[in-house]
Amino acid sequence: MKSSSSPSFVISNRPAVSVFADFDVLPLSLLEKLLANFCKVKIFSEDIMAWQEKTLHLGHARYFSFASYSAFSELKGSSYVIYVNLYPENLAREERIIKEIIKYSSENFEKAIFVLPYFLETEEQKKLCTFVKTQIGKEENFELIYVGQIFSPRMVLKRGILLHEMLSDLERGSRLKIPDNNFEVYPTFAVDVAREVVKSLFSFGYFGQEVSMYSAKTTFDNFVKYLARLRQTESPIEAGTKYVRAPGVDKEIHIAKNLESFVPDTVEWFQQNPGEVLPQIKPREASRVKEAAVKVSFPRIKRILTNPMFVWGGGLVVGFLLLPFLMLIISILSLVIFGKTFVTGKLVLAESAAGFVGVTANLANKESGFLMQIPLLGMPYKETASLGNIIEDSSVIAKRAVSIAKQGKSLVKNILGKDSYNLSGASESLGLDLDVLYKDLGFLQGEINDLMPISARLVAPLTARIDLGQLKERLFFGKTAVDNLPDLLGADKQKSYLVLLQNNMELRPTGGFIGSYALLTFDQGKLVDTNVSDIYSADGQLQGHVEPPAPIKKYLGEANWYLRDSNWDPDFPTSATRAEWFLGKEINKSVDGVIGIDLEFIKGLIKVTGPITLSDFNQTIGSSDLYEKTQTQVEKDFFPGSQKKTNYLTALTRTLLTNLENPSDSLILGFSKETFAALNARHIQVFVHNRDVQNALSNIGWDGAVNQPTCEGNCYPDWVGIVDANVGVNKANYYIGRESSLGVRFDNDNITRELTINYKNSANTVLGAGAKYKNYVRILAPKGADFADVQVTIGDKTQTIKPEINDTQGRREAGVLIEIPAGAKASAKFVWQTPLGISFGQPGEYRLYVRKQAGTIADTITLKFSFPEGVVAKTSPKPTLTVEGSLEYNTTLAGDLFALSRW
């Protein structure tokens, strides 16, 4: 069944987490960690603009959004709530928010975590902690976490917070001064806290308790001296308000870190971002302050170059110090080798490389862990330790990937082979490995996000090629499909699937004209029958009249509706359901799902296998000549009732399947890559009756559904789809080039879109009417869109045509007929409006989704956004051309396109 959710902006299987926090490094780290753990996140804040500016590095706001701090109605649907406030300013506001969170969590039995400061130095901090403690008591669904003084790059400094003012003065080169009352401090790394909070959220955690979390513990005196050693200076602040610890802590959690693992990065970050420090003010009276005389002395070491023992000993020491770096370099090179051997299907070599990665990374990790304990000298090794840990984890993931590839190969062989096998056992084993791999990737993604700046730059070339978030989505779908394999492959009763063979050289809404179809039958996990048939054989058996859509009747001249034209709706689940209905009426056959494929997918498979030979037809077919040879063979000497096309396509299909009966590792991986690429590009679309699998397909965008995006708040979710239908009863799309430009203009009342589609028919004019492109083009747009007349230009002649409007499934379609002779160019300009519905007077978003039509390759498209005067918008992807008041960029529709503008 068709899912109502949109894969573009809503993934139904993601936990929904609401975070109440103004921007700071700890809430930002929480957001990054939650996204790494596959969550949907909504940030509630009074300063949404600050959040938007600081989260541009996260790309599309696909899985997180923003809401006003007081928009309590948008809490609905949240599975978890996190409240973070270390430096409260408006107590009345905070108390109101806290009461609403407690009310929501209590009524919906959802978990809520409150993150507050452990050391209180302002009256607001003390009152807030007391209020929260009083309100939540010891309720089991609440957790109160007190955190130490946050030290981290990207932290926002606050006036009146002692360590914040000290850090600002340090960066200005002032003298450090120590308060008379030398108390304990607990410097804490934001990422550490975020990791522990998320871990607590998705486990039993410490709900019903009050806990404190901190990374390191030291005295204020020692901490100041440590900072002075970092900067080799003497420096800055007056004694602030006396600290008071938050009372009543049930448990202390020491996140095992030392100062060297995060404080130097914090200091370095403020050096590189001097604008982030607090402005200097006149120092207060320093009667309670003593100066810290910090002297850094370096002992003199005598070098006896003539002593052989010293030379050998020095060499061993240097080698010992360089060993972590050497092992790290070897492990990275081994990881690269693994990647190259794995993608080429050399699984034995890939498995060996993965094992070697683990050994060398483990050595680098352990050696670095020892050396980083050495004061000052050990600082560089924290980088190699974190990198070594990540690469070691990557080796575990690599081994798991090899295991999954081997199991997949065995499964395909069993499905296509003749011997019986344990389908349930194979499904369970493969599903378990996919589940573990999914979780391991989540942890790896979190570790990569936690990397310090230097380490992050080192791994960037490796991670740039892999979208871990997208890979996790694919694994989630794979796990769902594998878990349901016994049902899909007929473990209990036979299952049959209708495969629509769509020729995209005669383009239709779901990919191409249905010239043939296949029926695949599975029994107890094996493919037991493959039957390919000519579409006209089935259509000739239809009894009675079925009224076709008006354009089919008007432009194709068909008085009746048949299976061959059942894919008129671009929404594949709708057309698939209709194809099932026609199949039942025509040949009395019911199926358990429908798969649509076009010639691009077949070409991709032949690229993997190499040219295939059809011995019965004395013909060899390659990916480059598939269309020409197939078309010539099936149309030559064709007559009604001929079985030539059926026999030819059956031979082609069975030859491809035969190549998979005993596949090599490289062949399996090649087929898998082509299949994934075809699913992403909509050259394959799948609709099955199994609800779990269909929901997963819908969420990942592989069901070919026409989904309409949604968003909340001051946000406009816009979308458009271009749908061509060749109604000329020919294969003219072989010669057609298509490109388009879309302009979006905002004014005070409306959003106006102007879409121009340019066509070029490169067929030789001698082909005449046989190569004319008779195209019924439709524009899909949001419901209520007001379309103007369409301006159509063919050659040098322009006419204005009133579009045919159709409202269906919550969308509006506007269509016109265009006939483009061989050798001619043409264009169609569509213009439509909708009410503005958003305000440019406050932070907001405009989201645009451009849907790729199934069966098309990679049409060029240009987008241009024109905003009202005075509005400064940031877009993702970044524009290639910026003119005053407008943004423009070019791309291709190899897949669906998502564009985001923020102001």
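Reader: What stands opposite Leu-501 in S18?

Author: Leu-501 faces Ser-516 there. This is a predicted model, with local features needing pLDDT of at least 70, side-chain atom pairs counting only at pLDDT 80 or more, and totals for chains, interfaces and linings using all residues. Residues are numbered from 1 along each chain as its sequence is written, and side-chain values use heavy atoms, leaving out hydrogens and water.

Reader: What makes strand S17 and strand S18 a pair?

Author: DSSP has to find at least two bridges between two strands; S17 (residues 495-503) and S18 (residues 513-523) have nine, in the antiparallel sense, so they count as paired. Strands here are DSSP runs of E, at least two residues, and helices are runs of H or I, at least four, numbered from the N terminus.

Reader: Which strands are the edges of that sheet?

Author: The open sheet runs S19-S18-S17-S20-S23 with mixed pairing. S19 (526-534) and S23 (684-688) each pair on one side only, so they are the edge strands.

Reader: Why is H1 called oblique to H6?

Author: Their axes, lines fitted to C-alpha atoms over the stretch in contact, with angles from 0 to 180 degrees between N-to-C directions, cross at roughly 50° and come within 8 Å. Under 35 degrees is roughly parallel, over 145 roughly antiparallel, 65 to 115 roughly perpendicular, and the rest oblique. So H1 is oblique to H6.

Reader: Which residues of H1 make the contact?

Author: With contact meaning heavy atoms within 4.5 Å, they are Val-25, Leu-26, Ser-29, Leu-30, Lys-33 and Leu-34.
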